[in-house]
Amino acid sequence: MAFLDKDFLLTNAPAKALFHQYADGLPIIDFHCHLNPQEIYENKNFKNMTRIWINEGTYGDHYKWRLERANGVPEKLITGDGDDYEKFLAWADTMANAFGNPVFEWTHLELKRFFGIDEVLNRHTAPMIWKKANALLQTPAFKPQALIKNSNVQVVCTTDDPASDLHYQKLLAAQDPGFKVLPAMRPDKLVHIEAAGFGQYLEELSQQAQIQIGSFAALQTALEQRFQYFNDIGGRLSDHGLDAFHFVEASSDELDAILAKGVRNEKLTAKELDQYRTMLIETLMRLNKRFNWTMQFHVNAARNLSLPGYRSTGADTGYDAMGTQPDIVGEFRKLFTAMDNDGEMPKVIFYSLNPNDWMAAATMMQSFVGQGDTQHLQLGAAWWFNDTAEGMTQQLRTYAEQSLLPHFVGMLTDSRSFLSYPRHEYFRRVLCNFYGELIEQGRVPNDLATIGQVVQNISYYNARNYFGFFDQKD
């Protein structure tokens, strides 16, 4: 089999038929990503391949940065102020050692699908690839909006702080670029009450909500206002990075005291942090339920492990790892049981960076799906370090064995790059291969029309219907 030929990742005849006849070319619902809405709106051509592919300052693809550091590339040629072409050559050198890593496959899929380049990237081919790709990047077809639209993307959900005015999402809605750019609320700054700037942030949130936040009850009212604001602009999801979580409830008086300490930047005990975060998450779950949003939990990550790296390049720059909190699903089980008892269980997608959590999470969530709709709670796609052919297959198998995989909402991009959409193709190939193997093993009917519809639903239609992006009047 040739490298990245038309049947790569498809190891059997049913898989090939499912992909080519049913999955290939379907639209994309990108319901979780980190694209910058300002960049989408301003719609400027990128200067060169380094700027769109590797970094623009400390904004870029930390999947690539990790591999470059492992290859001995100096930080000046990763996130630093080194020459753009030298950075590109350093990435080409890294690719020469990346066989077996999914980033190697994604890199060449992007070259092939966007630029029509079939050559393998290395130092020998780099000059030709640099010249050809850079010339294309200066054309209208390679502006951000065209890249999104030509990738057949119908919805992009950005990641936005509750205090955001969503200025660029509103401008894009008025502009109508041919796809929706909708906000998804991510309250990280609100979660981190221990951070030095928490008091200043709370004042910013107060101003946006036009509610003075002097108590936890006032904070709840302010969040309700922000949910309404996001909802009116088309927001249908929230997202919550809870790297660790312990369920500890608290009274109103306790919460007011904790909030006051956070504003004054006084040291909080571990119990106080757990109490605040538990009750904040309960508040957010109730609001997600009220507005019929989907709540995403991204859990069990260990972030910013290199303190020198964090100090020099900031958060989300590649110094992260899989988390190891062994009881995290058990702590969420307490949360879900409490919310279910109150009738306040929203739609939830639960992602753990530690695959050891997947079985526990899938069986736990299956206890709460009976909310009168289809697959109210879902085991999220293989995420981050699990975003490999093997990781995706393991997640699909776990979901299928413990619930109803045909209801799964499928892949998300989770990327800061406008060139990442071939990852959906990659997922769809893995999905087709998964079902193709079940057909070959005699475990599901050899009925391509029926299984093909399942593949199409997971690839596109389930996400379109589950989130309600097209329910509002345009």
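A residue is called buried when its relative accessible area is under 20%, exposed when the area is over 50%, and partly exposed in between, with a 1.4 Å probe and protein chains only. By this definition both phenylalanine 291 and tryptophan 293 are buried. The structure is a predicted model, in which local features need pLDDT of at least 70 and side-chain atom pairs count only at pLDDT 80 or more, while totals for chains, interfaces and linings use all residues. Residues are numbered from 1 along each chain as its sequence is written, and side-chain values use heavy atoms, with hydrogens and water left out.

Strands are said to pair if DSSP finds at least two bridges between them. Strand S4, residues 153-160, runs parallel to S5 and is joined to S5 by six bridges, with valine 155 standing opposite lysine 180. Strand S6, residues 237-242, also pairs with S5 in the parallel sense, over two bridges, and here methionine 185 stands opposite serine 238. Together S4, helix H9 (residues 167-175) and S5 make a right-handed β-α-β unit; right-handed means that, with the strands pointing away from the viewer, the path from the first strand over the helix to the second runs clockwise.

The aromatic side chains come next. Rings of Phe, Tyr and Trp (its six-membered ring) pair if their centres lie within 6.5 Å, and planes under 30 degrees apart count as stacked, over 60 as edge-to-face and the rest as tilted. The structure holds 31 such aromatic pairs. One of them, between phenylalanine 99 and phenylalanine 104, is edge-to-face, at 5.0 Å centre to centre and with 75° between the planes. Phenylalanine 99 is exposed, at a relative accessible area of 61%, whereas phenylalanine 104 is buried, at 6%. The rings of phenylalanine 291 and tryptophan 293 have centres 6.3 Å apart and planes at 55°, so this pair is tilted. Elsewhere, ring pairs link Phe245, Phe297, Phe332, Phe336, Phe350 and Phe368 into a cluster.

The charged end of arginine 464 sits over the ring of phenylalanine 470, 3.9 Å from its centre.

Methods
Helices (H or I, at least four residues) and strands (E, at least two) are DSSP runs, numbered from the N terminus. A charge sits over a ring if NZ of Lys or CZ of Arg is within 6 Å of the ring centre and within 35 degrees of the ring normal.
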